[in-house]
Amino acid sequence: MVPKTRGFHHISFSCCGTEELEKTVDFYRDVLGMPVLRRWESNGAPAVMLDAGGGLIEVFSNATSDLPQGTIRHFALDVPDTDGCAAAVRAAGYPVTEEPHTIVIPSDPPLTARIAFCIGPLGEQIEFFSPQE
């Protein structure tokens, strides 16, 4: 069997506002030494990606105080074929909650990726993320 993933791409956190976002960035950047790779606006709110070494930490600042899935919003698997992963999940009887599509994160530099989301067997939200760089 050929592996369908190359590892984790990122873990995503949701913060309530810019102050909480900056506190989170300060911790991961200044305390743990993770460089900031990208900053951008997501639905009118600041967002950041930090380099964690073997993957990224993505932080959004547009959360509400009662996140149904907690602080960790989702995890993303780095995959070579987003569409194939979504098809495999659907064939196995699991829900694909966001169909495969291409996005551009308007950061500097921009990041283009093919993504899709599904719900795993424990109710976890999984993103299939294929960078187009």
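Rings of Phe, Tyr and Trp, the last taken by its six-membered ring, count as a pair if their centres lie within 6.5 Å. The model on screen is predicted.

**Stop 1: the aromatic rings**

Which residues form one aromatic cluster? Select F13, F27 and Y28; these residues make it up. By the pairing rule, the count comes to 4 aromatic pairs.

Zoom in on F13 and Y28. Their ring centres are 5.8 Å apart, and their planes meet at 25°. Planes under 30 degrees apart count as stacked, so this pair is stacked. Now colour by secondary structure. F13 sits in strand β1, residues 7-14, and Y28 in helix α1, residues 18-31. The two are 15 residues apart in sequence, so the pair ties together separate parts. Are these two residues buried or exposed? Both F13 and Y28 are buried.

Next, select W40 and F60. Here the ring centres are 6.0 Å apart and the planes stand at 90°. The cut-off for edge-to-face is over 60 degrees, so W40 and F60 form an edge-to-face pair. W40 belongs to strand β2 (residues 36-42) and F60 to strand β4 (residues 56-60). This pair links distant parts of the chain, 20 residues apart. W40 is buried, and F60 is buried too.

**Stop 2: the largest pocket**

Keep F60 selected. The pocket holds about 370 Å³ of space.

At least two lining residues come from each of β2, β4, β5 (72-78), β6 (96-105), β7 (111-119) and β8 (125-131). Which element gives the most to this lining? Strand β6 does, with 4 residues. Colour the lining by residue class: 9 are nonpolar, 7 polar and 5 charged.

**Stop 3: the second largest pocket**

Select C85, V89, Y94, C118 and F128. These lie nearest the centre of the second largest pocket, which is lined by 14 residues. About 210 Å³ of space lies in this pocket.

Helix α2 (82-91) and strands β7 and β8 are the elements that give two or more residues to the lining. Helix α2 gives the most, with 3 residues. By class, the lining of the second largest pocket splits into 11 nonpolar residues, 2 polar and 1 charged.

**Stop 4: the cysteines**

How many disulfides does a search of the whole structure find? The search finds 0.

Go to C15. C15 is in no disulfide, and the nearest cysteine sulfur, that of C16, is 7.5 Å away. C15 has a relative accessible area of 3%, so C15 is buried.

Return to C85. A disulfide needs sulfur atoms within 2.5 Å. With 6% relative accessibility, C85 counts as buried.

**Stop 5: the segment before β1**

Select T5, in the segment before β1. At 36% relative accessibility, T5 counts as partly exposed. Show its contacts. Leaving out residues up to four places away in sequence, T5 touches L77, D78 and V79. Then draw a distance from T5 to D81. Their C-alpha atoms are 8.5 Å apart, while 76 residues separate them along the chain.

**Stop 6: two backbone details**

Most residues other than glycine have a negative phi, and most peptide bonds are trans. The last selections depart from this pattern.

Select D108 and P109. A cis peptide bond joins them, with omega about 5°. P109 is in the loop between β6 and β7.

Finish at N43. What is the phi of N43? Phi is near 55°, a positive value in a residue other than glycine. N43 lies in the loop between β2 and β3 (45-51). Its relative accessible area is 74%, so N43 is exposed.

Note on methods
Residues are numbered from 1 along each chain as its sequence is written. This is a predicted model: local features need pLDDT of at least 70, side-chain atom pairs count only at pLDDT 80 or more; totals for chains, interfaces and linings use all residues. Side-chain values use heavy atoms; hydrogens and water are left out. Buried means under 20% relative accessible area, exposed over 50%, partly exposed in between (1.4 Å probe, protein chains only). On a 1 Å grid over the protein atoms alone, a cavity is a set of points where a 1.4 Å probe fits but cannot get out, and a pocket is an open set with protein on both sides within 12 Å along at least five of seven lines; lining residues have an atom within 4 Å of a point. Grid points are joined across faces, edges and corners, and a volume is the space filled by probe spheres set on the points. Ala, Val, Leu, Ile, Met, Phe, Trp, Tyr, Cys and Pro count as nonpolar, Asp, Glu, Lys and Arg as charged, and the others, Gly among them, as polar. Contact means heavy atoms within 4.5 Å.
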